[in-house]
Amino acid sequence: MHVHTCYSIDCCTPLDKIVNHCLEAGINCVAIADHNTIAGALKLKEFAPFKVIVAEEILTTAGELMGLFLTEEIPKGLSAEETIARIKSQGGLVGIPHPFGRPAFPSLRAKQSNLLSDKILSQVDVIEVFNSRTPFPSSSTKARRLALEHGKAASAGSDAHTVREIGRAYVEMLEFNGPDDFLNCLSQGRIFGRRSNPLVHLASTRAKIRKRFQGV
């Protein structure tokens, strides 16, 4: 439900390796949610032998939102309200990834908390209640409580930036057909997850440095 590819600024994972790993692990659906682009998701959808949800992790002025079932890319830097409107205009779903997942960076944590107002949450469809890259169990507990209190579907994601991370968190759910059916099936799904070693963040940092050096 939350996989990055080499099309993200902080990831170098080739598309073919994602496909191979998913087939080996028995994963038959992924949401490709690269940072501020859907190019990788669209490309993977062309040849993957399983279902690919075109998603995007979008940096808004209030923090990160996730758009699911997108057909057009949404630029970063817009307000949360404008970003949500653009997702909805495509018939997509709005998600909040790792709502309490930045404990080490107070400024980022404060920024993400801007998305947790009643005004924004009323327009959200999905809340990520387990993220493998979020280090503390308390973050997941608070996210689960948030989803329950506001009646939102709960999801889980590996937030995978390397191949080995893919599948560390997942949802077992029925086959679905389209966004509305996805929400219904997700609400009945079972969440499984393991936390990734915090050192995986070093891979993201290396990818950023490498791409900046290469001018990508």
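Me: In this predicted model, contact means heavy atoms within 4.5 Å. Which helix do the buried residues of H3 pack against, besides strands?
Reply: The buried residues of helix H3, residues 80–89, are Ala80, Thr83, Ile84 and Ile87. They pack against strand S2 (51–60), strand S3 (63–68) and strand S4 (93–96), and also against helix H5 (118–121). The helix asked for is H5.

Me: Why do the buried residues of H3 line one face of the helix?
Reply: Buried means under 20% relative accessible area, and Ala80, Thr83, Ile84 and Ile87 are buried in H3. Seen down the axis of H3, these buried residues line one face because they fall within an arc of 100 degrees.

Me: Which residue with a positive phi follows H3?
Reply: H3 covers residues 80–89. The residue that follows has a phi near 80 degrees, and that residue is Gly91.

Me: Which exposed residues does H1 carry on the face turned away from its buried side?
Reply: The buried side of H1 packs through its buried residues against strand S1 (29–35) and helix H2 (39–47). Exposed means over 50% relative accessible area. On the face turned away from the buried side, the exposed residues are Leu23 and Glu24.

Me: Which residue just after H1 takes a positive phi?
Reply: H1 is made up of residues 15–25. Just after H1 comes a residue with a phi of about 80 degrees, Gly26.

Me: Which element gives the largest share of the lining of the second largest pocket?
Reply: The second largest pocket has a volume of about 530 Å³. Its lining has 24 residues, and those nearest its centre are Ile27, Asn28, Cys29, Tyr170 and Val171. Two or more lining residues come from each of S1, S2 and strand S7 (169–172). The largest share, four residues, comes from S7.

Me: How many nonpolar residues does the lining of the second largest pocket have?
Reply: The lining is made up of 24 residues. Five of the lining residues are polar and three are charged, while the nonpolar ones number 16.

Me: Which element gives the most to the lining of the largest cavity?
Reply: The count of cavities of 30 Å³ or more comes to two, and the largest has a volume of about 90 Å³. Its lining includes Met1, Met66, Val126, Ile127, Glu128 and Phe182. The elements giving two or more residues to that lining are S3, S4 and strand S5 (126–131). With three residues, the element that gives the most is S5.

Me: How many charged residues are in the lining of the largest cavity?
Reply: Glu128 is among the residues of this lining, and Glu counts as charged. The lining divides into eight nonpolar residues, two polar and, as charged residues, one.

Me: How many residues of S5 line the second largest cavity?
Reply: About 50 Å³ of space lies in the second largest cavity. Among the residues that line it are His98, Phe100, Glu128, Phe130 and Ser139. S5 and helix H6 (137–149) each give two or more residues to this lining. S5 has the largest share, and its number of residues is four.

Methods:
Residues numbered from 1 in each chain as written. Predicted model: local features only at pLDDT ≥ 70, side-chain atom pairs only at ≥ 80, totals over all residues. Heavy atoms only, no water. Buried < 20%, exposed > 50% of the residue type's maximum accessible area, 1.4 Å probe, protein only. Arc of directions from axis to C-beta. 1 Å grid on protein atoms, 1.4 Å probe; cavity = no way out; pocket = protein on both sides within 12 Å on 5 of 7 lines; lining within 4 Å. Points joined across faces, edges and corners; volume = space filled by probe spheres on them.
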